[in-house]
Amino acid sequence: ELGDYHHFMEKEIFEQPVSLENGMRGRFADDGSTAFFGGLNLTPQELRHVDRLLFIACGTAWHACLVAEYLIERYARIPVEVEYASEFRYRNAPLDKNTLVIAISQSGETIDTLAALREAKRKGYRTLSINNSVGSTIARESDGGIYQHAGPEIGVASTKAFTSQIMLCAMLALYLGRLRDLSYGDGVEIVKALKAMPEQIREVLRQNDKIAAIAKQYANYEDCLFLGRQLMFPIALEGALKLKEISYIHAEGYPAAEMKHGPIALISEQCPSVFLATSGEIFHKSLANIQEVKARKGKIICIATEDCDIPEDLIDDLVVVPECHEIVKPILMSIPVQLLSYHIALERGCDVDKPRNLAKSVTVE
Ligand code: F6R
């Protein structure tokens, strides 16, 4: 089943151009400006009456929800909240009456997510789910949903399911945006960007050897920070989760600007940072954050889009990702983060597909 690969995690990372193509297939409208989904069980008229979205999930899927929050607020201008499923179910949160609840779960069997979904349904909210397992409990119990079609994910650490969840949230942002104020032209740009993405991922994957060489130099640290702003903040959280779960290195993700409010105390020669830098309005502020780390002798791996001009003397290692539309940045930037964790874990002799203490599907509370 592994073919030429050594581990399922490696195979699943490399499958992403195809798993993402499969998730897009047949989901773009003929006019080339929007996406659509067969199973939402909600008409455009009903969706126009939704005032708020609440996303619930656990772990990696929760990080995908944070990306969804950013993209849907930006492109569809609908307020979004994101909750850990395990917290939501006991919090008894008052929700707006026109709230649509969306559960994201790769397995569709995570008990905390299921319990949160049931609580939302009990209160009479309309529910949707995004999941990768056809016929799973969460898929069956939600009022409508979107299947990921990413193919089975065997490695315990989620990789291709994560990028697929982000992509579907981006497509949902596009669809909801086009029902509201997103223009035809902006819609066309986004569709083009999504269609171009699989090839751009292949370009990133071709840097595997380079990333493996970088990983070698960082395999013996015991702490690591992942820093990013805006859309890159959830990817920083995901990078930290990936590294800690498969390599057992203590890692934390932060919005880069939060450093000065505490975490910067951790920076030293013993604690490297992974910076996720993309071009855009606050790029120069990311540079200032990189400088703060450098000044404290912290090693820096920078993962950056091509259009970022990162002064070479500021960083120790650089991985460049192709220039792309904002909506696909969180997906493209995830790939080097996954590869970095994978290779660091291998260097440390860890069982990447079956990390200690973890199960693929968490069906206990
Ligand atoms: C981490 C990971 C977990 C899952 C979480 C939710 O790599 O895989 O954090 O994301 O247990 O699982 P699902 O998506 O099946 O509900």
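How close do the axes of α4 and helix α8 (residues 160-179) come, and at what angle do they cross? They come within 9 Å and cross at roughly 20 degrees. Before going on, note that this is a predicted model, where local features need pLDDT of at least 70, side-chain atom pairs count only at pLDDT 80 or more, and totals for chains, interfaces and linings use all residues. Residues are numbered from 1 along each chain as its sequence is written, and side-chain values use heavy atoms, with hydrogens and water left out.

The axes are lines fitted to C-alpha atoms over the stretch in contact, with angles from 0 to 180 degrees between N-to-C directions. α4 and α8 are therefore roughly parallel to each other (angles under 35 degrees count as such). Where they meet, with heavy atoms within 4.5 Å, α4 brings residues including Val67, Leu71 and Tyr75, and α8 brings others, among them Phe162, Ile166 and Leu176.

Now for the rings. There are 4 aromatic pairs here, meaning rings of Phe, Tyr and Trp (its six-membered ring) with centres within 6.5 Å. In one of them, Trp62 and Tyr84 have ring centres 3.9 Å apart and planes at 10 degrees, so the pair is stacked (planes under 30 degrees apart). Trp62 lies in helix α4 (residues 59-76) and Tyr84 in strand β2 (residues 80-84), so the pair ties together parts 22 residues apart in sequence. Trp62 counts as buried, at 12% relative accessibility, while Tyr84 is partly exposed at 39%; buried means under 20% relative accessible area, exposed over 50%, and partly exposed in between (1.4 Å probe, protein chains only).

Note on methods: Phe/Tyr/Trp six-rings, centres within 6.5 Å; stacked < 30°, edge-to-face > 60°. Helix = DSSP H or I, 4+ residues; strand = E, 2+ residues; numbered from the N terminus. Parallel < 35°, antiparallel > 145°, perpendicular 65-115°, else oblique.
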